[in-house]
Amino acid sequence: MIDNTLFGIKVDAANGENAKININNIGEYPILNEDGTPISANILEGSLSYVFKYKNQKFYFLGQWQIHYI
């Protein structure tokens, strides 16, 4: 994967401790906050979409995906 790529992903369940993402079975990578710490349990809610930034074999949690209309 290419660094600084953004991914919008719909989550099917709340996350546990040490959450990871595995896209197309390429391997699991940790989900971190912007400061590099792992996200806490239950930050992600099931049936909602979130944005993650891939960089250095890690996914950084950017927040909930929202559509804006102008």
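Me: Which residue in E3 does Lys 20 stand opposite?
Reply: This is a predicted model, in which local features need pLDDT of at least 70, side-chain atom pairs count only at pLDDT 80 or more, and totals for chains, interfaces and linings use all residues. Residues are numbered from 1 along each chain as its sequence is written, and side-chain values use heavy atoms, with hydrogens and water left out. Strands (E, at least two residues) are DSSP runs numbered from the N terminus, as are helices (H or I, at least four). E2 and E3 pair in the antiparallel sense over two bridges, and the residue opposite Lys 20 in E3 is Pro 30.

Me: What does the protein average in pLDDT?
Reply: pLDDT is the predictor's confidence in each residue, from 0 to 100. Where pLDDT is low, the predicted coordinates should not be read in detail. In the protein, 99% of the residues score at least 70, and the average is 94.

Me: In what order do the five strands form the open sheet?
Reply: Two strands pair if DSSP finds at least two bridges between them. E4 and E5 pair in the antiparallel sense over six bridges, whereas E3 and strand E5 (residues 58-64) run parallel and are joined by two bridges. The pairing is accordingly mixed, and the order of the open sheet is E1-E4-E5-E3-E2.

Me: Which are the edge strands?
Reply: An edge strand here pairs on one side only. In the order E1-E4-E5-E3-E2, the edge strands are E1 and E2 (20-21).

Me: Which residue in the turn of the E4 and E5 hairpin has a positive phi?
Reply: The hairpin formed by E4 and E5 has two residues between its strands. Tyr 54 has Phe 59 as its bridge partner in E5. In the turn, a positive phi of about 55° belongs to Asn 56.

Me: Why does the pair of Tyr 29 and Tyr 54 tie together parts that are apart in sequence, and how many residues apart are they?
Reply: Rings of Phe, Tyr and Trp (its six-membered ring) pair if their centres lie within 6.5 Å; planes under 30 degrees apart count as stacked, over 60 as edge-to-face and the rest as tilted. By this rule there are six aromatic pairs, and that of Tyr 29 and Tyr 54 is edge-to-face, at 5.7 Å centre to centre with 75° between the planes. Because Tyr 29 lies in strand E3 (residues 29-32) and Tyr 54 in strand E4, the parts tied together are 25 residues apart in sequence.

Me: Which backbone nitrogen lies 2.8 Å from a polar atom of the side chain of Asn 15?
Reply: Asn 15 is in the loop between E1 and E2 and counts as buried because its relative accessibility is 8%. A polar contact is a pair of N or O atoms within 3.5 Å; within protein, one must be able to donate a hydrogen and the other to accept it, and residues adjacent in sequence count only if both atoms are side-chain atoms. The side chain of Asn 15 has a polar atom 2.9 Å from the backbone nitrogen of Ile 43. The backbone nitrogen at 2.8 Å is that of Leu 44.

Me: Is Gly 63 buried or exposed?
Reply: Gly 63 is found in strand E5, and its C-alpha atom is separated by 5.7 Å from that of Val 51, twelve residues apart along the chain. Because its relative accessible area is 13%, Gly 63 is buried.

Terms used:
Buried means under 20% relative accessible area, exposed over 50%, partly exposed in between (1.4 Å probe, protein chains only).
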